[in-house]
Amino acid sequence: MKYEQYPSRSAKRNYFPLPNEIFSLGLSTGEIATYAYLMRCEDRETYQCYPSYETIGEAIGKTKNTVMKYAHGLEEKHLIYTEPTTVWGEGGLKRNGNLRFTIRPIEEAKRYHVERQMRENERKKLEEQVA
């Protein structure tokens, strides 16, 4: 059997970077999938994207509510920042748009993760002393 050469692919258009540190931050598999999808969608200059929860859910095989939970977890872990947007519809009607997702620098998430681990260790030490 003869294999054909893969068609040439643009590294900028067909691939996206995913930081190695993402696997050491205590994320669930759903949070990793959601983060990866947001990284795929982000504008490389603004670090922002606007997919709906439904769109993300279709891509990763989860429901809207589950994706909302994952996005909230990513925000708590300082990996993303979300903010509402407004859309002006027909007749000048103001409506809620998709969230604007901003991918935060991975260094912030790493720092937050270490600080959280240190607080948890301190809490455990105090509980051991009381017991």
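Is Lys 64 buried, partly exposed or exposed, and what is its relative accessible area? Lys 64 is partly exposed, with a relative accessible area of 40%; buried means under 20%, exposed over 50% and partly exposed in between, for a 1.4 Å probe and protein chains only.

The model is predicted, so local features need pLDDT of at least 70, side-chain atom pairs count only at pLDDT 80 or more, and totals for chains, interfaces and linings use all residues. Residues are numbered from 1 along each chain as its sequence is written, and side-chain values use heavy atoms, without hydrogens and water.

Lys 64 forms a salt bridge with Glu 54 (3.7 Å, N to O). The term requires a side-chain nitrogen of Lys or Arg within 4 Å of a carboxyl oxygen of Asp or Glu. The pair links helix 4 (residues 64–76) to helix 3, with Lys 64 and Glu 54 ten residues apart. Helices (H or I, at least four residues) and strands (E, at least two) are DSSP runs, numbered from the N terminus. Glu 54 is partly exposed, at 39%.

The count of salt bridges is nine. One of them joins Lys 110 and Glu 21 (3.7 Å, N to O). Lys 110 lies in helix 5 (residues 106–130) and Glu 21 in the loop between helix 1 (11–14) and helix 2 (29–41), so the bridge ties together parts 89 residues apart in sequence.

Arg 44 and Glu 42 also meet in a salt bridge (3.9 Å, N to O). Arg 44 is partly exposed at 36%, whereas Glu 42 is buried at 8%.
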